[in-house]
Amino acid sequence: MDRDDFTAPHPGDQDRDGEILDAYRRIFAAVDGTPTDVLAAAREAFHTRDLDGEIAVLVADSRTAGTDTVYLPVRAEPDPAQGHWLLSFAGGGIRVDMQVGEEQGRLLLLGMFSGTSGEEYYLESADGQRRIDVDRLGRFAVEGVAHGPVRLWCRSSDGIRVTTDWVTI
Amino acid sequence: MDDVEIAKLVLRVRQGDAAAWAALTARYTNFLWSIARSFRMNDADAADVVQTAWLRLVEHLDGIREPERLGSWLATTVRRECYNVRRRTARVEPGEPDDPDGWDGLPATADPLDEGLLRDERDAELWRAFGRLKPACQRLLRVLLADPPPHYAEVAAALDMAVGSIGPTRQRCLDCLRDLLDGDLFDQPRPTGRAGRPTRKR
């Protein structure tokens, strides 16, 4: 048992602590309970499951430079203070490098797919998905993206679907 | 729900069992929300980071190496996403929020005294005392008191603390809380009925 296994320093404190904690648990649930749409979205997330696709995992995020994913900037230094940052995904035979920029609360995505001769490219977000135009060098630009979880996916000419990790932008 | 039950649910979800998925979300969504709120995410950002954690789990279902530790995996995902959102919104340098004190200058996300959600004067006093705790204590208690209660290992993952420090820190925070509370608060019989909307303090 790894919870509530403490020993109170004074007799009677343990019961009283339990009473205090119960009161706070009730208060948090009343004042700041999980919104019902958050609970519903969690249940709905299961429908995004794609058993056939492959995943390009997040390999670098300039927001977490120096922590769990290491970003090695080559040219432009990522500068969160200027409202843009860099994300990279790799896996399923592809790589996606993308810059996220923010202007007046809306986001601009500039990036490039490499390693795929994709036929279709999509940006998926909480609102649904939209097809994105990718030029023959793999480059794309998407304007007016709202904050929230997003992912990209592409279907190659041989029918294989590769999806990036979801990221909160 | 113990670790074995969680691992069984994960196996069922891998086989496409939507009811098992619903059970996992019922088990953990409140906990994940409490983590996001303990890091002072606003409503929209908290919703986004919790949703990202669930979406990412769907993608990585088959790759979760220790299904019995799912709660810690989800908690870690939410914590990291909170860091990312914080860096985006606060325009801080990378690395800064890793210092636990980096979160402490932010305003609290809920002000129940404005919302009339506290049911009587005792709750109002409890809430005021909570607001006077150190931010680190507020964060720990907020997460520990999620419903259903998380395991210490999950709380440790959520707050990037050592598991062994959770119990002693919790006790210290409770001691502080007791010092802040009127000694009689839990010794007197509960007043009957509602005390009405608590007095606003400005």
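In what handedness of crossing does H2(A) pass H2(B)?

1. H2(A) passes H2(B) in a right-handed crossing; a crossing is left-handed if the near helix is turned anticlockwise from the far one by less than a right angle, and right-handed if clockwise. Helices (H or I, at least four residues) and strands (E, at least two) are DSSP runs, numbered from the N terminus.

2. The model is predicted: local features need pLDDT of at least 70 and side-chain atom pairs count only at pLDDT 80 or more, while totals for chains, interfaces and linings use all residues. Residues are numbered from 1 along each chain as its sequence is written, and chains are lettered from A and ligands numbered from 1 in the order in which they are written.

3. The axes of H2(A) and H2(B), the latter formed by residues 18-38, come within 9 Å and cross at roughly 135 degrees. Axes are lines fitted to C-alpha atoms, for helices over the stretch in contact, and angles run from 0 to 180 degrees between N-to-C directions. H2(A) is therefore oblique to H2(B), given that angles under 35 degrees count as roughly parallel, over 145 as roughly antiparallel, 65 to 115 as roughly perpendicular and the rest as oblique.

4. From H2(A), Val38(A), Leu39(A), Ala42(A) and Arg43(A) meet Ala22(B), Thr25(B), Thr29(B) and Trp33(B) of H2(B). Contact requires C-beta atoms, placed from the backbone, within 7 Å. By class, this contact has five nonpolar, two polar and one charged residues; Ala, Val, Leu, Ile, Met, Phe, Trp, Tyr, Cys and Pro count as nonpolar, Asp, Glu, Lys and Arg as charged, and the others, Gly among them, as polar.

5. Across the whole interface, 47 residues of chain A are in contact with 52 residues of chain B. H1(A) gives the largest share of the chain A side, 14 residues. That side divides into 25 nonpolar, eight polar and 14 charged residues.

6. Ser38(B) is found in helix H2 of chain B. Ser38(B) is buried, with 26 other C-beta atoms within 10 Å (buried: 20 or more; exposed: 12 or fewer; partly exposed: in between; C-beta atoms placed from the backbone). Beyond four places in sequence, Ser38(B) touches Arg139(B), Arg142(B) and Val143(B).

7. Within chain B, H8(B) (residues 152-159) and H9(B) (residues 163-180) pack at an angle of about 95 degrees, with their axes 8 Å apart. H8(B) is thus roughly perpendicular to H9(B).

Conventions:
Contact = placed C-beta atoms within 7 Å.
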